[in-house]
Amino acid sequence: MNNHSEAETSGHNPVHSDTNTIPGWNEELELAFSAYKGSYTPGRVTSRHKTVCEVLVPGAVVQAGISGALQKIGKQPVVGDFVVLLDQPELGSRMIVNILPRRTYLSRGAAGNGGGEQVIAANLDTIFIVTSVGKDLNLRRLERYLTIVYSSGARPVILLNKIDLEDNPARLVEKIQFIAGNVPVIPLSALSKTGLDTLSPYLNPGETVALIGSSGVGKSTLINAFLGETVQRTSGIREDDEKGRHTTTVRQMFPLPNGAVLIDNPGIREIQLGDSADGLEKAFSEIVDAARNCKFKDCTHRDEPGCTVLKAVEDGLIPEERLASYHRLTDELIFQTKKAEIGLKRLEKERFKKIAVDIKKYKKFTGKP
Ligand SMILES: Nc1nc2c(ncn2[C@@H]2O[C@H](COP(=O)(O)OP(=O)(O)O)[C@@H](O)[C@H]2O)c(=O)[nH]1
Ligand SMILES: [Mg+2]
Ligand SMILES: [Zn+2]
């Protein structure tokens, strides 16, 4: 579990000598945290609720509020974040006062609030995009997932689960591989525990892996299989706390014995693209490659003369559905960007309206024209 030997970390640093029990903690974080002197401790957010986070600190999981200052500037801790906690022993509580720099983060376009980006998990090394054989298997949906994951900075890996239900999984793997490019596609069965060992290269000590994918594809079953015990309820059964009440508290982060960490479903339900232009280019790299020789620099590859992408489709080098997906996702991205701009403009308008009202009130009050 530990990255460092006892001798390296004990003694000279009494405040955070045991940070190596926070999975994923590293020297960069240590450096960033060294700016905090006094009654601060580092931790990692394991789940996020409305106003409280559960935070893994050396040896325990504690609850912590979010400081007013952080809320004011709109900084939201999310699962996977490394945070700075202020201990308030007189109140018997802890408060998250800052978020340490994120190495990678997974986000989606926020629904219904003008298109702002919403971060949903941070500091992920790898993201397992989980799908299963049968009706969940949808190449177009996988393309969306790939786009989002690419723009997160984490490494995507596609898991094809429930192969125990499929006669010819190799055929499906081939189909997926076709749209996935260099992304590994791994067939497995979480239930019958076949193919799990192929995942070990992605589960190194200190690495964080998130599982995303539709409900029912087997993410929780997979986590249980890795932990060798039932830690995560499967099939959406609600959890009870020790007093027997229903709670919405669902654990999200699971340290493995070797020091890797799994994060279950950090909450991508609707797959909105958000700010994923770079992700789109990676997810459709064959189109980007073919576009290098288009006659026009701003070619949209729809009906322009001298379009080498359309030529590649014509020649059967790029499937038509791939280009159609690319167009669909590009349109969506443009739409979202516009929506975000309109949202910002509306916000500004409202702000001006409020200022105008304030000025009126002020004039009334002072009696000035
Ligand atoms: N046949 C089969 N069923 C599976 C497999 N993995 C999961 N399941 C079943 O699929 C259902 C949903 O699994 P769950 O882990 O809750 O999915 P989640 O919503 O992605 O977390 C459960 O009934 C599991 O037992 C598998 O490899 N093979
Ligand atoms: Mg689940
Ligand atoms: Zn073109």
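**A zinc site and its sheets**

Tutor: Along the chain, the donors of the zinc ion (ligand 3) follow the spacing C-x4-C-x1-H-x5-C. This is a predicted model: local features need pLDDT of at least 70, side-chain atom pairs count only at pLDDT 80 or more, and totals for chains, interfaces and linings use all residues. Residues are numbered from 1 along each chain as written, chains are lettered from A and ligands numbered from 1 in written order, and side-chain values use heavy atoms, without hydrogens and water.

Student: What makes the protein donors of the zinc ion (ligand 3) donors?

Tutor: Distance and atom type. A donor is an N, O or S atom within 2.8 Å of the metal (3.2 Å for Na, K and Ca). Cys294 (SG), Cys299 (SG), His301 (ND1) and Cys307 (SG) lie 2.1 to 2.4 Å from the zinc ion. They qualify as donors.

Student: Why is the arrangement around the zinc ion (ligand 3) called tetrahedral?

Tutor: Four donors count as tetrahedral if all angles lie between 85 and 135 degrees. Here the 4 donor atoms subtend angles of 101 to 117 degrees, so the arrangement is tetrahedral.

Student: Is His301 buried or exposed, and how do you know?

Tutor: Buried means under 20% relative accessible area, exposed over 50% (1.4 Å probe, protein chains only). His301 has 7%, so His301 is buried. Cys299 has 10%, so Cys299 is buried too.

Student: How do you know that strand 2 and strand 3 pair?

Tutor: Strands are DSSP runs of E, at least two residues long, numbered from the N terminus. Pairing takes at least two bridges between them. Strand 2 (residues 52-57) and strand 3 (residues 60-66) share 6 bridges and run antiparallel. They pair. Val55 stands opposite Val62 in strand 3. In this hairpin, 2 residues lie between the strands, and Gly59 takes a positive phi near 90 degrees.

Student: What makes strand 3 and strand 5 a pair?

Tutor: They have 2 bridges, in the parallel sense.

Terms used
Tetrahedral: all angles 85-135°; square planar, octahedral: opposite > 155°, others 65-115°. Helix = DSSP H or I, 4+ residues; strand = E, 2+ residues; numbered from the N terminus.
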